[in-house]
Amino acid sequence: MRIISGKYGRRRFEVPRNITARPTTDFARENIFNVLENFGGFEGKSACDLFAGTGAVSFEFLSRGCSEVTAVEKAPVQTAFIRKVAEILGDDNLRIVRGDVFKFIEDSGRAYDYVFADPPYDHPRFDEIPGLILNSALVKPGTVVIIEHSKARDYSALPYFNQRRAYGSVNFSIFIIPE
């Protein structure tokens, strides 16, 4: 795993072989973060990374200046890896939640500036996720929501849809909660 830009830019971490996550490619991550930079940057902002996997997106948010990032991941191997990388970086601005994303969305009383979700593409409840996030306490006026998905999915009819970006086989739907 490579952190692309910011204060931890170009740092690499060896991902354990037994991780089952499908990490966002470096190419796609670099491009979507360049797009997100145009939505007001990251300095002092908060972010939530749902289905965090290796934590690559969480660490990219931290590296680019987010003052607090919450990574939500259910799998113990992935959670341990995220914790290990956070310890190596010595960054106290990462909160790791080991648990079910759906329960986290339902129970969270905290809103973020950015909410990023990268569920497994074959998750049986995948198509519920954008609506659950958009109707949750995770968002507030001005929140940018990013859903990573395959090209087979189309969320352009959902409220607050802003744009869709495709980088190779990786697609992102971006939503902005109006201020």
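Helices (H or I, at least four residues) and strands (E, at least two) are taken here as DSSP runs, numbered from the N terminus. By that count Pro130 falls in helix H5. The structure is a predicted model, so to speak a computed one throughout: local features need pLDDT of at least 70, side-chain atom pairs count only at pLDDT 80 or more, and totals for chains, interfaces and linings use all residues. Residues are numbered from 1 along each chain as its sequence is written, and side-chain values use heavy atoms, with hydrogens and water left out.Back to Pro130, which is buried at a relative accessible area of 0% (buried means under 20%, exposed over 50%, partly exposed in between, with a 1.4 Å probe and protein chains only). Pro130 sits 69 residues from Phe61 in sequence, and their C-alpha atoms are 20 Å apart in space. Lys140 comes in the loop that runs between helix H5 (129–134) and strand S5 (144–149). With 31% relative accessibility, Lys140 is partly exposed. From Lys140 to Pro23 the separation is 117 residues in sequence and 27 Å in space, C-alpha to C-alpha. Gly65, found in the loop between H2 and S2, is buried, with a relative accessible area of 16%. Its C-alpha is 4.4 Å from that of Glu43, while the two residues are 22 apart in sequence.

Next, the empty space. Rolling a probe the size of a water molecule over the atoms shows where such space is left. A pocket is defined on a 1 Å grid over the protein atoms alone, as an open set of points where a 1.4 Å probe fits, with protein on both sides within 12 Å along at least five of seven lines; lining residues have an atom within 4 Å of a point. The largest pocket has a volume of about 420 Å³, a volume being the space filled by probe spheres set on the points, which are joined across faces, edges and corners. The lining has 26 residues, and the closest to the pocket centre are Phe51, Gly53, Glu73, Asp118 and Pro120. Helix H2 (56–63), strand S2 (68–73) and helix H4 (101–107) are the elements that give two or more residues to this lining. By type, the lining residues split into 12 nonpolar, 8 polar and 6 charged (Ala, Val, Leu, Ile, Met, Phe, Trp, Tyr, Cys and Pro count as nonpolar, Asp, Glu, Lys and Arg as charged, and the others, Gly among them, as polar).

Phe51 also turns up in the backbone angles. Most residues other than glycine have a negative phi. Phe51, though, has a positive phi, near 60°. Phe51 belongs to the loop between strand S1 (46–50) and H2, and is buried at 13% relative accessible area. Tyr160 is another non-glycine residue with a positive phi, about 70° in this case. Tyr160 lies in the loop between S5 and strand S6 (161–167) and is partly exposed, with a relative accessible area of 38%.

Then there are the aromatic rings. A pair of them is described by the distance of the centres and the angle of the planes. Rings of Phe, Tyr and Trp (its six-membered ring) pair if their centres lie within 6.5 Å; planes under 30 degrees apart count as stacked, over 60 as edge-to-face and the rest as tilted. On these terms the structure holds 11 aromatic pairs. The pair of Phe33 and Phe42 is tilted, because the planes meet at 40°, with ring centres 5.6 Å apart. Phe33 is buried at 0% relative accessible area, and Phe42 is buried at 2%. Tyr121 and Phe126 form an edge-to-face pair, with 6.4 Å between centres and 80° between planes. Here Tyr121 is partly exposed at 22%, whereas Phe126 is buried at 0%. Ring pairs also link Phe27, Phe116, Tyr167 and Phe172 into a cluster.

The charged end of Arg110 is placed over the ring of Tyr112, 4.5 Å from its centre. For Arg125 the ring is that of Phe102, and the distance to its centre is 3.9 Å.

As for the cysteines, the whole structure contains 0 disulfides, a disulfide being a pair of cysteine sulfur atoms within 2.5 Å. The closest cysteine sulfur to that of Cys48 is in Cys66, 11 Å away and therefore too far for a bond. Cys48 is buried, at 0% relative accessible area, and Cys66 also counts as buried, at 3%.

Notes. A charge sits over a ring if NZ of Lys or CZ of Arg is within 6 Å of the ring centre and within 35 degrees of the ring normal.
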